[in-house]
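Trainee: Could you take me closely through one part of this model, the interior packing, and then follow the chain outward from there? Please state the cut-off behind each term as you use it.

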Amino acid sequence: MSDAPAGGEPVFEDGPLPLITSEPFESLASEWAELHRTIPDALPFSHPVWHEAWLRHCGGDAFPVFLALRSPAGEKEGEAPLVGVIPLDVGGAEPRFLGDPDLSDHSGALIAPGQEVGAAAALIEWLMEDLSPGFEAWGLSEAGSLCPALLAAAARYGWMASEEPEAVTPTVELPDTWEAYVAALPKKYRHELRRKLRNLERAGDVAFESATTPGEVAEVVEGLLGMMRESREEKAAFLTPEREAFFRDLATGLSEHGLARIATLTFAARPAARIFALEGGGATMLYNSGYDPSLSQLAVGLLSKALLVRDAIERGRDAVDFLRGTEPYKRHLGGQPRDIVTVRLSGA
């Protein structure tokens, strides 16, 4: 439990809690983006560009509130440094993290390393002041630091807390070389991958290149969306006009910050498959993809994902995160499940 000396700020464990206030997105966005840039493990889902694009195209029913967490150390000097941002949707029966798990694989909360315990306590105090009956913290990595911080803070404040499985994100830790990666795959999948790569290369010229700048991404994003629609009926149904517009803005907006790319597998001088990949936390993340169904006999969908792994190795990335879902190809390419959970809090 925190202590609040008369006339003073609440104190939690080793010091005062972060200052927590609701701030307008427009005045917070640039400082938020700079904080994101300074945190090595920050994911694209917690960048202001993500929330701006989602609210513009898909968040019509949301009631967004952006909680800024600031260090009390600079309060006397009139400059309290930003140490976190927690975007909320307060339009429902109880507040929750802002966004949609169908489009955001992780929550959008951004907390500087070492600030998670204080941030969790400050959030609960804000909820109590707002008379909120509870809170839904979805999209948390079970192995991350915010999940246990919320559970511990809830216990100290006498709140009920439960942790529920939400999804898995199969991830492969990358070795230094492509050869080492392939050699580490189970024998069956290793042989299948090598055979399919040989078949593709024998059938015609193969290239794998990435669009990384906003201009380059804008040139290929329509081709990505077209392949997504053509490759699977479920994706065609998923791609409403609003979501297509979200993908367009997100791809170009994140690429400006080095957080997104669109990779294209070219076969016989024609695009055969495309991948919308995200970058963050040392990992390349496979956000969405599509392929040319007329080339399905050459397994261009699977091979584009394998070549994304090879590209990530060559660029010195630590891991490839296949994000939410248990599609077989993720296991075939060496993905090991990592759990995403929802923490539900209920006031005392």
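Mentor: Tyr287 touches Phe45, Trp50, Leu103, Asp105, Phe246, Phe247, Leu250, Phe276, Ala277, Leu278 and Leu323, leaving out residues up to four places away in sequence; contact here means heavy atoms within 4.5 Å. The model is a predicted one, in which local features need pLDDT of at least 70 and side-chain atom pairs count only at pLDDT 80 or more, while totals for chains, interfaces and linings use all residues. Residues are numbered from 1 along each chain as its sequence is written, and side-chain values use heavy atoms, with hydrogens and water left out.

Together with Phe97, Tyr287 touches the most other members of the largest nonpolar core, which has 76 residues. Such a core is a set of buried Ala, Val, Leu, Ile, Met, Phe, Trp, Tyr and Cys residues joined through side-chain atoms within 4.5 Å. Buried means under 20% relative accessible area, exposed over 50% and partly exposed in between, with a 1.4 Å probe and protein chains only. Helix 3 (residues 116–129) supplies the largest share of this core, eight residues. Helices (H or I, at least four residues) and strands (E, at least two) are DSSP runs, numbered from the N terminus. Another core, of 33 residues, lies apart from the largest one and includes Tyr181, Ala263, Leu286 and Leu303.

Phe246, Phe247 and Leu250, among the contacts of Tyr287, are also among the buried residues of helix 9, as are Arg243 and Glu244. Helix 9 (residues 241–255) has 15 residues and reaches 21 Å from its first C-alpha to its last, close to the expected 21 Å, a span taken as 1.5 Å times one less than the number of residues. The cover over its buried residues includes helix 2 (48–57), helix 7 (214–231), helix 8 (233–238), strand 12 (260–267), strand 13 (270–280) and strand 14 (283–291).

In the loop between helix 9 and strand 12 lies Glu256, which is exposed at a relative accessible area of 59%. Its C-alpha is 9.8 Å from that of Val49, although the two are 207 residues apart in sequence. In the loop between strand 12 and strand 13, Ala268 has a positive phi of about 50° although it is not a glycine; at 45% relative accessibility it is partly exposed.

The axes of helix 6 (residues 187–203) and helix 10 (residues 300–314) come within 11 Å and cross at roughly 105°. An axis is a line fitted to C-alpha atoms over the stretch in contact, and angles run from 0 to 180 degrees between N-to-C directions. Helix 6 and helix 10 are therefore roughly perpendicular, the term for 65 to 115 degrees; under 35 is roughly parallel, over 145 roughly antiparallel and the rest oblique.

Glu136, in strand 8 (residues 134–141), is buried at 17% relative accessible area. Beyond its sequence neighbours up to four places away, Glu136 touches Glu94, Pro95, Arg96, Phe97, Thr342, Val343 and Arg344.
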